[in-house]
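Reader: Please show me the structure, and then I will ask about its parts one at a time.

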Amino acid sequence: MNKTLLASATALLLASASAQAAVNIQLVNQDPAGQGLNDPRVINPVGGNPGTTVGQQRQIVYKFAADLLGSVLTSTVPVKVGASFQGLACTATGGTLGSAGASWVAAAPPTANAPGMIFHGALANAVSGSNINPGAVTDITSRFNANLGGQNADGTPCMTGSGWYYGLDGNTPAGQINFLDVVIHEIAHGLGFSGFVGYTSGVLGERTGITAYRGYSDAYTTNAFDNLQARRFDDAAMTPAMRALSIRTRGAPAWAGAQTSAQTALWLDPATVLEVSGGSTPLVTQFFGVASFGPAASTANFNAPLVVVNDGAGDTADACEPLQAGSLTGRIAYINRGGCSFEPKAVNAQNAGAVGVIIGNVATSADPGTAPGMAEDPSVTATIPTISVNLAAATQILAGGELQARLGTVAGQLAGADAQGRALLYAPATVASGSSFSHFETALKPDALMEPANTPSTNGAYIVDLTLALFNDIGWGVDTSTTRINGCDTGIARFSNPGLLIGANLVANENVCRVAANGNRVRYLSCMNNVADDLRGLGLISSADRLKVRTCATKAGTL
């Protein structure tokens with residue numbers, strides 16, 4: 001998903017202050033009547049969302065996301081988030097789900113010992129402890145794809161077979177996109193999860209679009225570390241060229257913030273690498289891509305002789321034509337990218353007896369240095385694990401002769417972190433405007449909410465993984481108090497590391513129950529009982545916690 005930063009700002013001085021109250025994140029509906037957030041089409045309630053029109057459900061999801069984040073972050077100044085549905089870039093197989101950024105920025109001037117420092121508007125207010133730009137209509141601007149699963153304005157399809165899921169429970173049907181996850185992701189960018197360094201030029205402050213801020217660092221970029229030079233991005237010895245090289249080198253930029261680094265081992269699995277042996281040059285790479293179809297590749301199911309396929313036509317290694325029956329029995333098939341979509345390639349290999357597939361990038365790709373992501377194809381079903389590698393690894397495999405491929409783990413190494421345990425930032429070889437640098441690397445396992453593409457495995461309703469720690473690193477305070485409902489203390493923490501939002505989820509659901517009850521106390525108590533039961537059923541609270549939630553719910557006065 002591309003992320004656009006909206007830089008219209010006035011230079012403002014920041015003073016240090018501490019905010020103690022949970023922040024009030026407010027939705028500013030920027031859609032016209034009858035469209036987007038105001039869509040009047042009738043729809044059935046789904047996944048805990050009581051809305052009865054498309055627009056209502058979208059607004060409830062947005063408010064839920066705002067309440068989740070607002071319950072754990074602190075600021076004395078409300079955060080105003082503009083939102084609208086628009087026709088974003090989209091094709092039949094992929095597209096932009098959302099985009100967001102700061103509506104305005106503020107900066108502290110340089111000192112003798114430090115460069116100037118830029119802050120996203122909402123963060124600037126939180127750090128200063130006051131509303132330093134009271135004339136701002138919004139602090140964050142966010143947009144979402146209005147055509148998902150349908151047609152673009154020109155009649156072309158937009159992610160055929162997909163669509164938004166407006167449930168609040170994380171139970172997203174196959175093929176649909178969880179709107180709550182995307183909303184949280186986009187609000188997070190606007191709260192400060194993005195850097196203003198020029199992605200191509202490496203010039204600090206360039207992406208604000210404000211000439212006076214060129215050369216200034218920002219609250220995000222100052223936490224970035226370059227593994228090529230072993231320096232932070234805004235170190236005086238780092239040149240723009242060095243930063244630009246890091247931003248387009250996989251494994252180079254990492255997040256050095258103390259809070260996040262302390263939690264990477266809590267979230268990330270041990271690193272799994274592809275090992276190919278038997279050729280002249282042994283190949284070991286951590287950065288292999290994974291498919292959105294078929295079973296996940298693992299050390300248990302991905303270990304067999306490796307064979308380059310031959311379908312006898314055109315690029316004989318692209319597996320776009322059927323392969324000889326039995327020709328790949330018990331083997332892992334190597335296949336070139338291109339000529340047809342990914343899943344049919346895997347199915348052709350599967351039908352020839354393969355137990356796994358490696359798809360290699362090609363020189364004609366827009367980004368040959370990256371292991372490609374692989375979308376599913378609804379016309380076929382692959383049942384064997386499929387991974388991908390970049391052009392350099394593909395070239396080695398093609399020249400390797402008789403090979404063995406396996407997945408293995410690396411002792412002491414985390415999946416998606418550098419050797420020091422710092423979470424890696426997204427750095428494809430070809431800069432992706434709005435995505436490079438301002439996301440976690442796609443190699444993180446488990447997937448993180450703030451990776452550049454939405455994945456089915458995230459569940460922002462309950463956990464935002466390392467995102468909350470990163471907010472703390474850039475200057476946001478976090479609310480460590482227990483959760484209160486109707487003035488009654490439930491004793492449930494708002495969050496626990498890494499980013500588990502149990503109490504915050506309770507707050508967000510309590511607000512939904514009030515909406516659903518529409519002033520009816522019996523409906524409100526029934527809804528809250530269901531919320532408590534669901535949290536207990538997921539193992540997120542104890543039986544004693546469930547009883548306390550129910551008791552606190554009864555303290556509600558006039559709804």
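Reader: How far apart do the C-alpha centres of domain 2 and domain 3 lie?

Author: This is a predicted model, in which local features need pLDDT of at least 70 and side-chain atom pairs count only at pLDDT 80 or more, while totals for chains, interfaces and linings use all residues. Residues are numbered from 1 along each chain as its sequence is written, and side-chain values use heavy atoms, with hydrogens and water left out. The domain assignment (bounds from an automatic or database assignment) gives domain 2 as 194–267 + 417–479 and domain 3 as 270–413. Between the C-alpha centres of domain 2 and domain 3 the distance is 29 Å.

Reader: How many residues does the contact take from domain 2 and from domain 3?

Author: Contact means heavy atoms within 4.5 Å. By that rule, the numbers are 12 residues from domain 2 and 9 residues from domain 3.

Reader: How are helices α5 and α8 oriented to each other?

Author: Helices are DSSP runs (H or I, at least four residues), numbered from the N terminus. The axes of α5 (residues 258–267) and α8 (residues 467–474) come within 7 Å and cross at roughly 160°; such axes are lines fitted to C-alpha atoms over the stretch in contact, with angles from 0 to 180 degrees between N-to-C directions. Angles over 145 degrees count as roughly antiparallel. The two helices, α5 and α8, are therefore roughly antiparallel.

Reader: Which residues of α8 does α5 meet?

Author: From α5, the residues in the contact are Ala258, Gln259, Thr260 and Gln263. Their partners in α8 are Ala469, Leu470, Asn472 and Asp473.

Reader: Between which domains does the largest cavity lie?

Author: A cavity is a set of points on a 1 Å grid over the protein atoms alone where a 1.4 Å probe fits but cannot get out, and lining residues have an atom within 4 Å of a point. The largest cavity has 11 lining residues, with His185, Leu449, Ala453, Asn454 and Thr458 nearest its centre. Both domains named here give residues to that lining, so the largest cavity lies between domain 1 (19–192) and domain 2 (194–267 + 417–479).

Reader: What volume does the second largest pocket have?

Author: A pocket is an open set with protein on both sides within 12 Å along at least five of seven lines. Domain 1 and domain 4 (482–555) both give residues to the lining of the second largest pocket, so it lies between them. Helices α9 (502–517) and α10 (521–537) each supply at least two of the lining residues. With volume taken as the space filled by probe spheres set on the points, the second largest pocket has about 340 Å³.

Technical notes:
Angles under 35 degrees count as roughly parallel, over 145 as roughly antiparallel, 65 to 115 as roughly perpendicular and the rest as oblique.
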